[in-house]
Amino acid sequence: MSTPEDKQALRKRLVAQRLALPDRLARADMLQRVMRIWLVGRPDTVIGAYWPIKGEFDPLPALHRWKEDGELLDEPQLRRIGLPVVDKLHKTLKFHAWYPGCPMEEDAYGIPKPKDTEVIVPTLLFVPCVGYGPGGYRLGYGGGFYDRTLAKLQPKPFTVGLGYTCGYCDDLEPEPHDVPLDAILNDNGEVWPVR
C-alpha cells in the first residue's frame with residue numbers, strides 16, 4: 001500500500017519529468033491530433049477542460065477548433081467550452097464558459113479562470129493527469145477537487161484523462177474513493193479503455 005508521502009514523491013517526480021521533456025512541444029502536437037480525431041463523432045456540445053499548469057498538455061487549441069468545426073456542420077451546432085472555477089465552500093469545481101479572448105482572472109491558486117461568464121454543465125470532461133495507470137485511474141495533485149466534483153455533477157459527464165506517455169505508472173494504486181476515468185488519451189493515442 002502506498003503512503004501519501006509516496007504519492008507526493010511520485011507527483012513531484014512526474015511533474016519534473018514532464019517539465020524536462022525535450023520534445024514536449026512535438027508530443028503536445030501529437031496529442032492535439034489524437035484529441036481532435038477522438039472527438040470526431042462525439043455527440044457532446046458542452047465540454048469541460050482545464051487551464052494547463054506545470055507543463056500539462058494544453059487541450060484548449062483542439063477544443064477551440066472543435067467549437068469552430070461545430071459551426072461548419074450541415075446543421076450548425078453551438079458548442080461550448082468550460083473551464084473550472086473553484087467553489088471554495090464545497091471544494092468542488094464549477095465550469096464557466098470560456099472562449100479565446102474572454103476576460104480572465106487568477107483564482108486563489110494563481111490559475112487563470114473565466115471572469116463573470118455563465119456556469120455551464122459539461123457532458124464530457126477532459127481532466128489533466130500528473131500520472132495515470134491501469135484501469136483508467138489518474139494521479140492528480142492531491143487536492144481531490146475532481147473526485148468531489150465528479151461525485152456531485154449530475155448527470156455525470158464522460159471523463160477523459162489527458163497526459164503524456166511518460167506519465168504512465170504501471171504500479172499506480174488507486175485509493176478507495178478513486179473513480180476510474182472513462183478514457184485516457186496520450187501522445188500515442190487512446191490508452192484506456194484497452195481495446
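Q: Is D23 buried, partly exposed or exposed, and what is its relative accessibility?

A: Start with the cut-offs: buried means under 20% relative accessible area, exposed means over 50%, and partly exposed is in between (1.4 Å probe, protein chains only). D23 has 31% relative accessibility, so it counts as partly exposed. Before we go on, this is a predicted model, where local features need pLDDT of at least 70, side-chain atom pairs count only at pLDDT 80 or more, and totals for chains, interfaces and linings use all residues. Residues are numbered from 1 along each chain as its sequence is written, and side-chain values use heavy atoms, with hydrogens and water left out.

Q: Which side chain does D23 meet in a salt bridge?

A: A salt bridge is a side-chain nitrogen of Lys or Arg within 4 Å of a carboxyl oxygen of Asp or Glu. D23 pairs up with R27 this way, at 3.1 Å from N to O. There's a network here too: D23, R27 and D187 are linked by salt bridges.

Q: How many salt bridges does the structure hold?

A: Ten. Another one of them joins K94 to D87, at 3.7 Å from N to O. K94 is partly exposed at 43% relative accessibility, while D87 is buried at 15%.

Q: Where do E71 and K67 sit relative to each other in helix α3?

A: First the general idea: an α-helix has 3.6 residues a turn, so residues three or four places apart point the same way. Helices are DSSP runs (H or I, at least four residues), as are strands (E, at least two), and both are numbered from the N terminus. E71 and K67 are four residues apart in α3, so about one helical turn separates them. They form a salt bridge, with their closest N and O atoms 3.4 Å apart. E71 is partly exposed, with a relative accessible area of 42%, but K67 is buried, at 17%.

Q: Which residues are buried in helix α4?

A: Within α4, which covers residues 145-152, the buried ones are F145, Y146, T149 and L150. Looking down the axis of α4, these buried residues fall within an arc of 120 degrees, so they line one face of the helix. That arc is taken from the directions from the helix axis to the C-beta atoms. On the face turned away from the buried side, you'll find the exposed residues A151 and K152.

Q: Is A49 buried or exposed?

A: A49 counts as buried, because its relative accessibility is 0%. Look for A49 in the loop between β1 (46-48) and α3 (60-71). A49 and P128 are 79 residues apart in sequence, yet 8.4 Å apart in space, C-alpha to C-alpha.
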